[in-house]
Amino acid sequence: MTTDEKIISAEDILNNKSDILDTNTKDSDSINKKSKKVKIKKEKSLEEQIPKGKPKSGRIWKEQKKRFSSIVKTRGIRLSFDKKQKLKEDLKHVKEMSREIKAKKQAEKEAKKERRRANLKRAAENQRKSEIVQVITNTAKLKKIKKKHLRMIQKRDTLNF
């Protein structure tokens with residue numbers, strides 16, 4: 001197992017940090033405020049290089065929280081005007097097709113309802129035509145008929161027959 005990776009220990013990083021600080025203090029007379037800020041940033045980057053130990057809680061998978069200012073935000077993918085127009089037209093086309101499909105389904109549903117109503121009407125009419133009718137001319141017979149038989153008797157319009 002030969003690897004070209006260089007293993008850095010925490011002591012080496014700390015020693016390098018002190019060397020950087022020593023060289024910076026010699027030139028400190030000629031450094032202005034802006035370069036001091038750069039020096040602080042370098043120190044922070046060195047601190048970030050130091051490997052962290054095992055956390056006390058034992059949750060090694062948890063990372064240290066970062067501030068929102070350090071988060072790099074992406075602007076996202078910017079589309080050209082032509083692509084935006086094409087997407088807009090495609091969306092309009094899809095919506096139109098969807099409306100057409102919905103209208104077609106609604107029309108089919110309505111036609112089915114109308115067909116059902118017509119079938120029910122025709123069935124009722126056919127049933128009336130197929131009934132066996134006996135006209136009672138003598139109404140005095142109705143008084144002699146039993147109650148159960150009276151329940152079955154219905155009044156109808158006799159002009160159709």
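1. Ile77 is exposed in this predicted model, its relative accessible area being 79%. The residue is placed in the loop between helix 2 (33–49) and helix 3. Together with Leu79 and Leu87, Ile77 makes a nonpolar surface patch of about 330 Å².

2. The overall fold of the chain may be stated briefly. Five helices and zero strands make up the secondary structure, and the order along the sequence is α-α-α-α-α. The chain has 161 residues, of which 2% count as buried. Its exposed surface comes to about 17400 Å², with 54% of that area supplied by carbon and sulfur atoms.

3. In general, side chains of opposite charge can pair when their charged atoms come close. With a cut-off of 4 Å between a side-chain nitrogen of Lys or Arg and a carboxyl oxygen of Asp or Glu, the count for this model is three salt bridges. They are described in the next three points.

4. As for accessibility, Lys86 is exposed because its relative accessible area is 54%, whereas Asp90, at 38%, counts as partly exposed.

5. A further salt bridge is formed by the side chains of Glu114 and Arg117, at 3.0 Å from N to O. These two residues of helix 3 are three residues apart, so the separation between them is about one helical turn. Glu114 has a relative accessible area of 47% and is therefore partly exposed. Arg117 is also partly exposed, with a value of 46%.

6. The salt bridge between Lys129 and Glu125 has its closest N and O atoms 3.8 Å apart. Helix 3 holds both Lys129 and Glu125, which lie four residues apart, or about one turn of the helix. Lys129 is exposed, at a relative accessible area of 60%, while Glu125 is partly exposed, at 39%.

7. Ile136 is located in the loop between helix 3 (81–130) and helix 4 (141–144). Apart from neighbours within four places in sequence, Ile136 is in contact with Leu142 and Ile153. Is Ile136 buried, partly exposed or exposed? Its relative accessibility is 37%, so Ile136 counts as partly exposed. The class of buried would require a value under 20%, and that of exposed a value over 50%.

8. The surface also carries a patch of positive charge, in which Lys146, Lys147, Lys148 and Arg151 gather. Arg151 belongs to helix 5, which comprises residues 147–152. With a relative accessibility of 66%, Arg151 counts as exposed.

9. The nonpolar patch is made by Ile77, Leu79 and Leu87, and the positive patch brings together Lys146, Lys147, Lys148 and Arg151. Each has a member with a stated accessibility in the exposed class: Ile77 at 79% and Arg151 at 66%.

How values were computed: Residues are numbered from 1 along each chain as its sequence is written. This is a predicted model: local features need pLDDT of at least 70, side-chain atom pairs count only at pLDDT 80 or more; totals for chains, interfaces and linings use all residues. Side-chain values use heavy atoms; hydrogens and water are left out. Buried means under 20% relative accessible area, exposed over 50%, partly exposed in between (1.4 Å probe, protein chains only). Accessible areas come from the Shrake-Rupley method with a 1.4 Å probe; for residues, only the protein chains shown count as cover. Contact means heavy atoms within 4.5 Å. Patches are made of residues with over 30% relative accessible area and no salt bridge: like charges are joined within 9 Å, nonpolar side chains (Val, Leu, Ile, Met, Phe, Trp, Tyr) within 5 Å. Lys and Arg count as positive and Asp and Glu as negative; His and the chain ends are not counted. The place of a charge is taken as NZ of Lys, CZ of Arg, CG of Asp or CD of Glu.
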